[in-house]
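Let us walk through this protein one piece at a time. Keep the structure open as you read.

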Amino acid sequence: MTPAARLAAAASIIDRISAGKAPAEAVLKTWGTENRYAGSKDRRAIADQVYKVIRARGRLVWAMGGREDGRALVIGALSLIDGLSVEEIEALHSGEGYGPKPLSKQERARISATADDLPGWVAAGLPEFVVEDFKGTFGERWAEEAAGLMVPRAPIDLRVNGAKATVAEVEAELREAGLSPERTPWSAWGLRLSAEPPPNVQALEAFKAGRIEIQDEGSQIVCWLAGVEPGMTVVDYCAGGGGKTLGLAMQGLAAGASRIEAAPAEPERIWTPTGWVDAPKSKPRPATIARAEGRLIACDVVQKRLDNILPRLARAGVEAELIHLGPNGGGVEDIVGIADVVFVDAPCTGSGTWRRRPEDAWRLKPEEVDRMHSLQMAILARAAKLVKPGGRLVYVTCSMLRVENEATVDHFEEDHPSFAPVAIGEALASPALSDAGRNTLAGLAQGHRLRMSPAATGTDGFFVALYERQA
C-alpha cells in the first residue's frame, strides 16, 4: 500500500470505531481480515496512525474546527503531531489511486492557521467534562496524571501462576521464546513485556499451560491487598472475566509443593478373569488442580461471564464456585455473613485503562459516570452483607474519577458505621509485594484508601479502599 492509501484506510477505520462500541483493536483486526491485500507492515502503520489519532482526538477535533470524522482527524494529526507542512499533506491527498481526495479550502485553512493557546482540556487530551474531576483529585498534578493516562502506550503485564511455576522459571521460558521480560517493580509475581512490538501472549506455551495470565500490575496489587490467606472463605462479588478471581485463588492455596494434587496414574495393563490385557483408553483426565484450604466463590449478574471463567480456572489449575446473581443481588442468601473477604471489583467507567483503550475516553458521557456511581453504591451495600464480623471488605475500581471512588466510599461509610477502615499499611505485609512495592504504596496511601495510576505507579489507574466489619 502507498502512504496515501494507508491514510485513507486509517480514516475509514477511525470512522468505524466512532460509529460503534467495539474496541479499536477489534475493529482493526476485522479490517485486516476484510483486506488481506494489506501486508503486516501496512497493518502496523495503519494501526499506529489510528491510535495516534485516538489518543489526541480532543486536540485534533479542536484544531479541525469541531470536525470529528476520520479524514479530518488524520489530516490534523499529520500537521499537529507529525509536523508535516501543508505542501507535504497536500501531496498525500492527491486523489490518485486509493489515496484520499484533495484537501478542501477549509481543511487547508485549518492546518495553515497558527494555533492559539490550547484550552486546558484540549492540551491534557481529556474529555472536557472530566477535567474538573481530575483537578479536584490531583490538584497541580492533574495535567501530569492526564498525560500519563492518555499519551503513552501501556506495556503488557503478566502474572505468574504460583500454582504451576515460579517467576524465575517463567522468565527463563519467555526468554527462550525470544521475548525480553522484566520483573514488575511492585508485584513479586509480575513480569512485564514491551508493547512494541506487541507480543502474541496467548500463542505462548506458558499461557496455554496456565503458567501465566495477562494482568496489569495494578490489578495484581489490589488482589494482594485483599489479605486472602489459606482457609478463608473468599467472595469475588463482581467476578467479570475472572482475572482477579484467579489472583485471589492463588493466595488461598496451601503452602508448599503438596498443593498440587495430580491425577493418579493410569495402569498400562489390567487384570481380568481371562488374564492381563491392555488397559482401555479413557477420556483425557483434567489438569492437576491446586487445592485451596478454604472456599472461593465468584459471582456475577451475567451468566456468560461466569461461563467464560470456567476455562480460565481449568487452565490455571485452580477451583472456584460460581454463583449467578439476580438483578437485585439475589442468589447469595446462603453465604450472608460468612465470608472472611468480600472483594468488590465494581463496574465502572474503566477510565483507569484509557492508555490501553483510548477510544473509550471519547465514548464516555457524564450521565454514564452518574449511573455508575449509583450502581456502585447499591452493589457495595449488597456485598457488605456477606462479610462476617471481623471479615474484610475490599472496594476496587479501575477508574480515575473521584465520583466513582472517593464519592462512592464516602457514601458507604456514612451508611455503614459498622465497617471500620483498615489502613493500607496493614495490608502491605503480603509476600506477593516486593519491598519496593511496600514502600511506594505506603507513601501513596491515604489511610485506608489507595490510588494507583500510570503517572504515579506505572500501572493502570486503580482505586482501593479496605474495611473490617465490627459487628
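Helix H1 (residues 3–19) and helix H2 (residues 24–34) pack at an angle of about 130°, and their axes lie 10 Å apart. Axes here are lines fitted to C-alpha atoms, for helices over the stretch in contact, and angles run from 0 to 180 degrees between N-to-C directions. Helices (H or I, at least four residues) and strands (E, at least two) are DSSP runs, numbered from the N terminus. H1 and H2 are therefore oblique to each other. Angles under 35 degrees count as roughly parallel, over 145 as roughly antiparallel, 65 to 115 as roughly perpendicular and the rest as oblique. The crossing of H1 and H2 is right-handed: by definition, the near helix is turned clockwise from the far one by less than a right angle.

Which residues of H1 and H2 make the contact? From H1 come Ala 9, Ile 13, Arg 16 and Ile 17. From H2 come Ala 24, Val 27, Leu 28, Thr 30, Trp 31 and Glu 34. Contact means heavy atoms within 4.5 Å. The contact residues divide into seven nonpolar, one polar and two charged. Ala, Val, Leu, Ile, Met, Phe, Trp, Tyr, Cys and Pro count as nonpolar, Asp, Glu, Lys and Arg as charged, and the others, Gly among them, as polar.

A word on the model. It is predicted: local features need pLDDT of at least 70, side-chain atom pairs count only at pLDDT 80 or more, and totals for chains, interfaces and linings use all residues. Residues are numbered from 1 along each chain as its sequence is written, and side-chain values use heavy atoms, with hydrogens and water left out.

Move on to helix H9 (residues 131–138) and helix H10 (residues 142–150). They pack at about 120°, with axes 8 Å apart. That makes H9 oblique to H10. Their crossing is right-handed. Val 131, Phe 134, Lys 135 and Phe 138 of H9 meet Trp 142, Glu 145, Ala 146 and Leu 149 of H10. This contact has six nonpolar residues, no polar ones and two charged.

Now find the open sheet. Its four strands run in the order E2-E3-E1-E4, with antiparallel pairing. Two strands pair if DSSP finds at least two bridges between them. Strands E2 (182–183) and E4 (212–214) are the edges, each pairing on one side only. Strand E1 (residues 156–160) and strand E3 (residues 190–193) pair over four bridges. Ile 156 has Leu 193 in E3 as its bridge partner. Helix H13 (residues 217–224) lies across E1 and E3, at about 35° to E1.

A cis peptide bond joins Glu 196 to Pro 197, with omega about -5°. Most peptide bonds are trans.

Finally, step back. The protein holds 21 helices and 16 strands.
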